[in-house]
Amino acid sequence: MIEVAALSVRFGKTEAVKSVSFDVARGESFGIVGESGSGKSTVLRALSGLNPDWTGRMEIDGLPMTPKRSKDFFRRVQMVFQDPYGSLHPRQTVDRLLSEPLIVHGMDNIDQRIMRGLSEVALPSSVRFRYSHQLSGGQRQRVAIARALMAEPDVLLLDEPTSALDVSVQAEVLNLLDDLQRAHGLTYVLVSHNLAVVAHLCGRIGVMQGGEMVELLSADDLRAGRTQHPHTAALRELSIELEEPEAA
Amino acid sequence: MLVEIRNLRIQFPTATGLSEAVRNVSLTLGQEKLGIVGESGSGKSLTARSILRLLPSNAVLTADKLTFDDIDVLHANETALRRIRGARAGLILQDPKFSLNPVMTAGAQIAEAWRIHRGGGRKLAMQAAIDLLAQVQIRDPVHVAKAYPHELSGGMGQRVMIAMMLAPDPELLIADEPTSALDATVQAEILRLIEDLVSRRGMGLILISHDLPLVSHFCDRVAVMYAGRVVEELAASDLLHAQHPYTRGLLDCLPTLSHKKTRLTVMQRDPSWLT
């Protein structure tokens with residue numbers, strides 16, 4: 001579904017992403033982990049078309065990506081951002097937020113689609129005419145996911161979708177993403193610094209450090225500690241150490 | 001005894017009457033590390049900030065007792081509070097991007113804090129600032145002292161914040177989600193640094209966070225808050241034997257790396273937790 005080969009992104013003199021390659025099958029979830037500044041979000045932004053300055057090859061569903069993307073691309077590939085406080089228009093109601101992608105892509109049955117979209121992310125229909133500041137963080141992230149799903153995409157690019165949320169809300173959103181993937185056969189690329197979240201949702205994981213993808217491994221290998229690169233091992237060790245409560 | 005809170009209540013006026021944000025919280029803190037854990041809106045930040053009486057102006061604050069080293073914070077005037085805030089109790093906030101002054105160098109900000117609380121000349125204060133930057137394990141303190149906040153990474157910015165709070169040599173450090181804007185590696189480094197400084201200087205620490213397992217690694221005692229109440233208070237080492245279903249729920253809903261969960265447990269909130 002997604003093929004990335006020798007992708008490089010430069011910002012001025014710094015090379016933020018250095019020749020990164022990976023591929024994602026249809027209906028699969030691929031995770032990218034790394035520390036701040038490792039280039040993981042930059043990969044996602046290049047994929048989504050938010051950054052036109054890249055070199056290398058990217059294909060989505062067999063179509064080579066160019067710096068300028070078609071309208072159909074922007075329907076089929078949608079992105080969900082970290083901060084639901086910043087990614088929703090503060091002066092638009094949920095109804096307006098959800099109807100915009102439908103109008104842009106000339107889709108019909110707007111009314112029914114919005115109601116269905118809200119129920120799919122388990123939001124009551126009463127939020128339809130509210131503004132985003134009247135909703136909780138978890139509800140806002142659900143609206144952002146509903147909005148991404150409105151145009152019936154094939155691919156969802158998720159940039160730290162739960163790191164601004166409380167742990168109990170994180171569990172709900174992760175379960176929701178799991179259900180939606182099954183129901184729609186979606187392909188996910190998930191970026192996060194939280195190894196446990198990535199390993200929960202994704203079967204295969206790429207580890208980035210300093211702009212390079214230093215290791216590609218399965219979630220099971222990561223859990224079992226079958227790592228090749230020292231950076232992966234260090235990230236795993238820290239994550240395991242901190243996730244268990246201190247024992248007496 | 002450093003801090004004593006008995007029956008703390010914080011209310012906010014709303015269109016339909018007073019809304020209770022913190023309800024009958026009692027805590028004591030000596031020279032130890034206390035974690036306050038809870039979700040957004042549980043009242044954990046308000047509780048900690050009430051020790052400095054740093055609350056929104058419309059907040060209604062009542063308590064049977066609210067003292068900092070036997071000073072009655074509840075009835076203290078601004079001058080008395082000024083001698084506590086910053087000087088004897090420092091506050092580290094979540095995001096250094098917003099809490100540092102963007103048009104002052106890191107060194108100048110730390111030196112300012114030093115001079116306000118300890119007096120002394122500019123040169124002396126700048127030298128102290130560089131020394132403090134070295135204490136928070138910044139490798140090139142002279143260089144960082146000359147840098148502006150936007151030139152620093154998140155982890156560096158938070159170290160500068162900590163250095164600034166240490167300048168007046170406080171007895172209590174309140175860290176309000178000090179690492180939630182940072183990635184896992186830097187988060188662990190910063191928390192280890194705070195823990196180390198607190199132990200070495202013999203300070204008290206209140207660490208506010210929503211990450212229960214994480215807090216248990218860096219605190220002696222954990223208070224779990226839900227809807228404005230402390231529902232459970234226990235030693236960090238007893239966390240695995242937590243009794244309250246909310247505490248258990250917070251632990252169970254986390255995805256883990258050590259073993260696979262096909263589906264995450266979702267918290268079932270019981271209305272009886274509110275009473």
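**Questions and answers on the predicted model of chains A and B**

Q: How many residues does each chain give to the contact between chain A and chain B?
A: In this predicted model, local features need pLDDT of at least 70 and side-chain atom pairs count only at pLDDT 80 or more, while totals for chains, interfaces and linings use all residues. Residues are numbered from 1 along each chain as its sequence is written, and chains are lettered from A and ligands numbered from 1 in the order in which they are written. Two residues are in contact if their C-beta atoms, placed from the backbone, lie within 7 Å. The contact takes 29 residues from chain A and 33 residues from chain B.

Q: Which element gives the most to the side of chain B that touches chain A?
A: Helices (H or I, at least four residues) and strands (E, at least two) are DSSP runs, numbered from the N terminus. Two or more residues on the side of chain B that touches chain A come from each of helix H8 (184-201), helix H9 (212-218) and helix H10 (245-252) of chain B. The element that gives the most, with four residues, is H9(B).

Q: How do the residues of the side of chain B that touches chain A divide by class?
A: Ala, Val, Leu, Ile, Met, Phe, Trp, Tyr, Cys and Pro count as nonpolar, Asp, Glu, Lys and Arg as charged, and the others, Gly among them, as polar. On that side of chain B, the residues divide into 16 nonpolar, 11 polar and six charged.

Q: Which residues touch the most other members of the largest nonpolar core?
A: A nonpolar core is a set of buried Ala, Val, Leu, Ile, Met, Phe, Trp, Tyr and Cys residues joined through C-beta atoms within 7 Å. A residue is buried if 20 or more other C-beta atoms lie within 10 Å of its own, exposed if 12 or fewer, and partly exposed in between, with C-beta atoms placed from the backbone. Of the 150 residues in the largest core, those touching the most other members are A:Val189, B:Ile110 and B:Ala129.

Q: Between which domains of chain B does this core lie, and why?
A: Domain bounds come from an automatic or database domain assignment. Both domains of chain B give residues to this core, so it lies between domain 1 (3-88 + 172-274) and domain 2 (97-169).

Q: Which element gives the largest share of the side of domain 1 of chain B that touches domain 2 of chain B?
A: The centres of the two domains of chain B, taken over C-alpha atoms, are separated by 27 Å. Their contact takes 12 residues from domain 1 and 11 residues from domain 2. Six residues, the largest share of the domain 1 side, come from H8(B).

Q: What is the strand order of the open sheet of six strands in chain B?
A: Two strands pair if DSSP finds at least two bridges between them. Strand E7 (89-92) and strand E11 (229-235) of chain B each have a single partner strand, so one side of each is left without a neighbour in the sheet. With mixed pairing, the order is E7-E8-E9-E3-E10-E11.

Q: Which residue of E9(B) is the bridge partner of B:Leu34?
A: Strand E3 (residues 33-37) and strand E9 (residues 204-209) of chain B pair in the parallel sense over five bridges. The partner of B:Leu34 in E9(B) is B:Ile206.

Q: Which residue in E8(B) stands opposite B:Ala89?
A: In E7(B), B:Ala89 and B:Leu91 point one way, B:Gly90 and B:Ile92 point the other way, and all are buried. E7(B) pairs with strand E8 (residues 172-176) of chain B in the parallel sense over four bridges. Opposite B:Ala89 stands B:Leu172.

Q: Is B:Gln137 buried or partly exposed?
A: B:Gln137 lies in the loop between helix H5 (122-135) and helix H6 (141-145) of chain B. Although not a glycine, B:Gln137 has a positive phi of about 60°. With 15 C-beta neighbours inside 10 Å, B:Gln137 counts as partly exposed.

Q: How far apart in space are A:Asn51 and A:Lys68, C-alpha to C-alpha?
A: A:Asn51 lies in the loop between helix H1 (40-48) and strand E4 (54-60) of chain A. A:Asn51 and A:Lys68 are 17 residues apart in sequence, and their C-alpha separation in space is 9.9 Å.
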